[in-house]
Amino acid sequence: MECLGPQCAATLLEWLRARAAEGALDGAATASPTAKAASQGLLWKAAPYQEDAPAITSAAELAGAVEHLQYAVFRRYQNQLTRAERGRLDNTIENALFKIDRYLLRVDAAERALHEAEASRLRDEVRDHKERAERLRLQARRAELKLAQLTSLSPETFEEFVGELFEAMGYQVAQVGGTGDEGIDLHLRRGELRAIVQCKYHKRGVVGSPELQKFLGSVHHAHAHKGYFVTTSTFSLAAEKFAVDHPIELVDGPRIVELVTQAMGPGARKEPEPSWF
């Protein structure tokens with residue numbers, strides 16, 4: 001039947017309302033109180049964490065605090081942040097841990113045992129992240145100090161400097177050096193990535209493509225994913241073009257300064273470049 005105009009629309013709307021009311025009555029008649037409670041339990045597991053609240057007062061608030069703490073730890077130690085952002089997250093992590101500990105002291109032994117393992121795991125994770133961050137900060141600081149002394153470093157000390165720099169950037173570093181090193185001074189590993197490094201300490205001069213061609217052979221022979229060629233001088237145009245087509249990253253004097261700044265983290269003071277650049 002064809003129906004046009006506002007009268008037909010009003011009739012259809014009334015019919016829809018009637019059907020909705022019948023469905024609500026049928027649902028209310030068949031649903032049991034137990035089913036309603038289960039439905040509410042599935043929808044409500046954790047209360048939102050209140051940063052300014054002086055204490056946690058319920059299990060739901062505790063669950064919210066744990067979720068907040070997990071995210072805060074991830075953001076603090078897995079992201080590049082400014083100094084102000086790091087300070088804010090350090091505060092929120094310490095505050096959340098303090099309130100969780102106080103809550104667990106007030107509850108009975110059964111509930112404390114239920115949550116203590118997760119609280120301990122989070123405390124251990126925060127401690128491990130702090131220790132690693134401090135270790136990387138000290139390594140970056142040593143690299144920064146050596147950067148200012150590069151004009152007086154020996155080739156061997158320059159290799160140590162480059163190794164400390166990559167360690168500060170999160171790599172596992174193994175030093176090779178010596179005779180028969182096949183142009184490899186350092187082995188790097190970070191996760192599944194394997195790389196090699198060759199260090200060339202020159203106060204003057206330019207690194208050309210023939211040296212990079214030999215280094216590429218070392219990269220393949222070591223079954224590395226990429227190679228870093230690090231020098232205090234510069235690269236020729238032919239060398240730069242060669243590196244574009246191969247798994248080689250060129251690190252010259254100005255790039256060393258950028259890497260030290262990166263290792264120091266956001267907000268690091270930018271030092272004047274050494275005079276030999």
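Predicted model: local features only at pLDDT ≥ 70, side-chain atom pairs only at ≥ 80, totals over all residues.

Analyst: Let's start with helix H7. Its face turned away from the buried side carries the exposed residues Pro210, Lys214 and His221. Exposed means over 50% relative accessible area, buried under 20%, and partly exposed in between, using a 1.4 Å probe and protein chains only. Helices (H or I, at least four residues) and strands (E, at least two) are DSSP runs, numbered from the N terminus.

User: Which residues in H7 are buried?

Analyst: Ser209, Leu212, Phe215, Leu216, Ser218 and Val219 are. Seen down the axis of H7, they fall within an arc of 160°, so they line one face of the helix. The arc is that of the directions from the helix axis to the C-beta atoms.

User: What covers them?

Analyst: The cover includes strands E3 (193-200), E5 (226-231), E6 (234-235) and E7 (248-251), plus helix H8 (237-244).

User: And what comes after H7?

Analyst: His223 follows H7, and its phi is positive, near 55°.

User: New topic. In what order do the strands of the open sheet run?

Analyst: Five strands form it, in the order E1-E2-E3-E5-E7, with mixed pairing. Two strands pair if DSSP finds at least two bridges between them. The edge strands are E1 (172-175) and E7, each pairing on one side only. The twist averages 20° from one strand to the next.

User: Where does H7 touch the sheet?

Analyst: H7 packs on it, touching E3, E5 and E7. Its direction makes about 140° with that of E5. Axes are lines fitted to C-alpha atoms, for helices over the stretch in contact, and angles run from 0 to 180 degrees between N-to-C directions. Contact means heavy atoms within 4.5 Å.

User: How many bridges join E2 and E3?

Analyst: Strand E2 (residues 186-190) and E3 pair in the antiparallel sense over five bridges. Arg189 stands opposite Arg194 in E3.

User: Last one. Is Arg76 buried or exposed?

Analyst: Arg76 is buried, with a relative accessible area of 14%. Arg76 is found in helix H3 (residues 59-78).

User: What is Arg76 in contact with, beyond its neighbours within four places in sequence?

Analyst: Leu81, Arg86, Leu89, Asp90 and Ile93.

How values were computed:
Residues numbered from 1 in each chain as written. Heavy atoms only, no water.
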